[in-house]
Amino acid sequence: MADFHRVADVRDIPDPGKALVEADGEVVALFHVEGRFYAIDDVCTHDGGPLAEGELRDHTIACPRHGAKFDIRTGAALSMPAVRATRAHEVKVENGSVWVRLRAEPLWPGVPAPAAFVAPVPAAGLPPAPAAAAAARTAEATGPLCEESIRELLKGVKDPELFVNIVDLGLVYGVTLEPAADAPGKQKISVDMTMTSPACPAGPQLIGDTKRVLGAHADVAGVEVRIVMDPPWTPDRMTEAARDQLGIF
Ligand code: FES
């Protein structure tokens, strides 16, 4: 088991207050609230935001990047766009000093992936990946293309971390169709899409899956995906269905 490391003097950190400290070569966020100290990783599990720079309210710290909230006592993710806990570490106070012992794992693992999406591996004998299955459904789709039917098809594109479709996540800002000049009877589709963060690691996959799913329709001659970061995505863009799926009430 790891040892405790002295990280600060009690008197150096006001109550309430926070500071970045070093324990065993790692930087952690230390909090002083109502006479007690707490330590968590200075890393937001959504996209690496520096938690110690966020706003501290009671026992909650808000990520300065996109607003995800974490419980400083347990590291639990309390709100979107973070769904996984950050590590919370053991803290003790002795002889006027604060000591931290690092934990290897988060106390609260966060929202588990729904079983239906645990193994989206496109290999022989296994079910097709979600986007491939959605593209197959698109290829069988009938009826006229319109914004509503395209949004319905886009529900086949799922965020690979959250396992929620991009429509219910509120990532699709707009859909436009126009006749394809070079393919009579077919449509060109433009999708304005945002990401939950500017450096969202799932971005390339979401763009590719969107083109793949819509491009499988017999009446589609081309798909353009435009990434729009203004206005920025906020959790209140999610539908009730997405909130239910993520266990957010
Ligand atoms: S990096 Fe923390 S909420 Fe996005």
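Q: How many bridges join β1 to strand β9, and in which sense do the two run?
A: Start with the general idea. Strands of a sheet pair through backbone hydrogen bonds, and the pairing is either parallel or antiparallel. Now the case here, in what is a predicted model. Four bridges join β1 to β9, which covers residues 97-101. The two strands run antiparallel.

Q: Which residue of β9 stands opposite Asp-9?
A: Look across to Ser-97.

Q: In what order do the six strands of the open sheet lie?
A: The order is β1-β9-β8-β4-β3-β2. The pairing is antiparallel. Now find the edges: they are β1 (5-9) and β2 (17-23), and each pairs on one side only. From one strand to the next, the twist averages 30 degrees.

Q: What is the order of the open sheet of three strands?
A: This one reads β10-β11-β12, and its pairing is mixed. β10 (172-179) and β12 (220-227) each have a single partner strand, so one side of each has no neighbour in the sheet. Here the twist averages 15 degrees from one strand to the next.

Q: Over how many bridges do β10 and β11 pair?
A: Seven, in the antiparallel sense. β11 spans residues 187-193.

Q: Which strands does α2 lie across?
A: Helix α2 lies across β10 and β11. Its direction is at about 125 degrees to β10. Helix α3 (residues 203-215) also packs on the sheet, where it touches β11 and β12. The direction of α3 makes about 155 degrees with that of β12.

Q: Which residues of helix α2 are buried?
A: α2 covers residues 147-154, and its buried residues are Ile-150, Leu-153 and Leu-154. Look down the axis of α2. The buried residues fall within an arc of 100 degrees, so they line one face of the helix.

Q: How many residues does the largest nonpolar core have?
A: General idea again. In soluble globular proteins, nonpolar side chains tend to be buried together. In this model, the largest nonpolar core has 61 residues. Those with the most contacts inside it are Leu-30, Ile-40, Ile-166 and Val-213. The core draws at least three residues from each of domain 1 (5-101) and domain 2 (115-246).

Q: Leaving aside its neighbours within four places in sequence, which residues is Leu-30 in contact with?
A: Among them are Val-7, Ala-8, Ile-13, Val-21, Phe-37 and Val-98. Lys-18 is in contact with Leu-30 too.

Note on methods
Residues are numbered from 1 along each chain as its sequence is written. This is a predicted model: local features need pLDDT of at least 70, side-chain atom pairs count only at pLDDT 80 or more; totals for chains, interfaces and linings use all residues. Two strands pair if DSSP finds at least two bridges between them. Axes are lines fitted to C-alpha atoms, for helices over the stretch in contact, and angles run from 0 to 180 degrees between N-to-C directions. A residue is buried if 20 or more other C-beta atoms lie within 10 Å of its own, exposed if 12 or fewer, and partly exposed in between; C-beta atoms are placed from the backbone. The arc is that of the directions from the helix axis to the C-beta atoms. A nonpolar core is a set of buried Ala, Val, Leu, Ile, Met, Phe, Trp, Tyr and Cys residues joined through C-beta atoms within 7 Å. Domain bounds come from an automatic or database domain assignment. Two residues are in contact if their C-beta atoms, placed from the backbone, lie within 7 Å.
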